[in-house]
Amino acid sequence: MPTRTDQSGPPAGRVRWADVAKGACIILVVLWHVIVKHYLQIDWRLDLPLPGAWGLFGEQLLPLRMPLFFTISGIFAAHAVARPWRVAARPRIARNLYLYATWLLIHTALLALAPGFPTDRATSLGGLLAQLTVTPSNLWYLYALALYFALAKALRRVHPAVLLAGAGALSALAATGLLDGPGNRGQVYQNLVFFLAGVHARGHLQRWAAAATARRLAGVGAAYAAALAGTALAGAAGWPGVRLLVSAVAVAFGLTAAARLAQLPVVGAALARLGRRTLPIYVLHMPVLALLHRLLAGPVGELNGPGRLLLAVGYPVLLTAVVLALSLAVHRGLTAAGAHWLFDLPRRAGQNHNPEGETMSRSHAPVLPDRASVEEAARWLSGRVVRTPVLNSPAIDRLAGARILLKAENLQTGGSYKMRGAMLAVGRLAAAGQHGVVAQSTGNHAVAVALAARRHGLAATVVLPVDAAPVKVARARAAGARVVLAGTTVEERLAAARQVAETAGHPLVDAYDHPDVVAGQGSASLELIEEAARVGTPLDALVVPVGGGGGVAGACLAAAGTPIEVYGVEPVGCDSLARSLAAGRPIPVVPAATIADGLRPGCVGDLPFAVARDAVRGVVRVDDDAIAEAFRLLLLELKVLVEPSGAAGLAGALRLAAGPEGGRYRTVGVVLTGGNVEAELVARLAAGAVADLARVEGVAA
């Protein structure tokens, strides 16, 4: 739940329905506290059981509020779980523990001034130490987030089914009261399973939300109501596993409702804005409510006449709105006074954070995009990039034993599908008021960012290796970019790019570790999927070359919710994605020499891996001979010029079709990712001279 609170708008790539869910949850949390800590403490002196009805209503939402909150938190944290401890521990563990300790001390001091307010507070040093360690206070959500993330990361090699089963058993036992759970310790026990579900079932949950319909909402809503009614009628609230089952149904309802609400322009936008500001509400609303209780409880209880009944009906909703508004107002005042340290762990010099408080390894990519992000990207890019043709060759079909549909992104502006992600990312930055952008690359991405920046009137600086081919430098400069030459490795280029970005105050647009870039690249796959369906040959499989992984991650998102199976293609010896999938975390490799130099990053990007690890069907490895043969097939059969990195996609499709699973696929889509290739390399490939071609460098990603 906690987010950086100095953001005026949604960070690029945030999933709107997740923010909507968080916004709805924080409203329900505040409403519950208004009911039990203020509303029910007032003697309303009514003949109608209105207070009891409000209390009952709040109780029916108990299985929804915190389980949904933690599920969303797990989804937000899934990307970070795969990161090294040195990167993830500070923003995900130290930050939340810092906020918990800071605000526990503040709450203890402030709530001591309101002794009549019915909430748990430490009244002794021993009690305070207990709350800081083993018996968390009303701020237990922050405590739990730090603990849950540490557990998820420490146990990331344990099979998710085993992990979820163990956490589910813990939740079931805690709900029965068999485990000692003083304070909010029982809540910590019960909600671990939902955080882990968000981390490990992220892809499934995102697909569920992406496919939300009004009919499904009605169905899961009815199931939730039936589960609550059945539990009450059977008196089964304390039975082992019942609370967990009801909460699981409630979370399914919450995800569906959030996805539907996100589609409503006014309501969805308001809830999403609130969902990006949950931290100040969470830490401030209890002292604000305590103050209001002291001011209002007496006068409200003394009201007489028909006004008392009218007020009793809507009072919880009205006061909830007041508490929310006052909490945000206090936050604005504190941050305006420079008290940012109250809402975030003080930064170390030179450290960048994403909107979830997480240090990023490459760029400011905050949250995993989803299929809706790709669909939105496709709509935004329509008319701004070329809708490239889908090609087919009967000769290639016969060779493959299947229909092969080829998305000719070599014909895209800038010569590659990199233009899609660059145009989307740069366009959104321009709309947000940025005046310039920075990128690092060995070729296609740098050129694409330069072209997109020129289109939007932004300055562009691109960092290229010192041994970059002259054609790369020339194309980047011709596109209007300032070119900086730095080092020979991606790490050296990143360091130089970050320095340029910090000095100029311009954002860094990473080649694949950026949500807008992933969503933009995915629009190519989405167009291919749509075109195949339109002509009556829907895809069974989709094949995309893998360098940093942005393209294959975008393909996974584009295919989400469909039966299409997505495969990545990597050159032999440059198989970071394949090794990462086997290890369950990004694994760097020392790339071997290959003619497909655009597929030679030392490690798949963190964001693409987080998307692909649960969605990609597999990775096909191809050697230079296979890539060269695919290049010649494309040149001779379809008369299209594709760089070796793009031809690797066809090489992978041909190998897939010839493999044991190939017979299952009638139609296979391939994204020909680019066509920027030097004349010398074309001549040698066309002549069939593959030996030593890896030393001939073309424009890479």
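Mentor: Happy to! A residue is buried under 20% relative accessible area, exposed over 50% and partly exposed in between (1.4 Å probe, protein chains only). The model is predicted, so local features need pLDDT of at least 70 and side-chain atom pairs pLDDT 80 or more, while totals for chains, interfaces and linings use all residues. Numbering starts from 1 along each chain as its sequence is written, and side-chain values use heavy atoms, without hydrogens or water.

Trp44 is buried, at 3% relative accessible area, and Tyr39 is buried too, at 0%. There are 15 aromatic pairs (Phe, Tyr or six-membered Trp ring centres within 6.5 Å; planes under 30 degrees apart are stacked, over 60 edge-to-face, the rest tilted). Tyr39 and Trp44 form a tilted one, 5.2 Å between centres and 45° between planes.

Tyr567 and Tyr665 make an edge-to-face pair, because their planes stand at 75°, with centres 6.0 Å apart. Tyr567 belongs to strand E7 and Tyr665 to the loop between helix H26 (644–658) and E9, so 98 residues separate these partners (DSSP runs, at least four residues for H or I helices and two for E strands, numbered from the N terminus). Tyr567 is buried at 5%, and Tyr665 at 4%.

Strand E6 (residues 541–545) pairs in parallel with E7 (residues 565–571) over five bridges (at least two DSSP bridges make a pair).

Elsewhere, ring pairs link Phe69, Phe70, Trp140, Tyr141, Tyr148, Phe195 and Tyr282 into a cluster.
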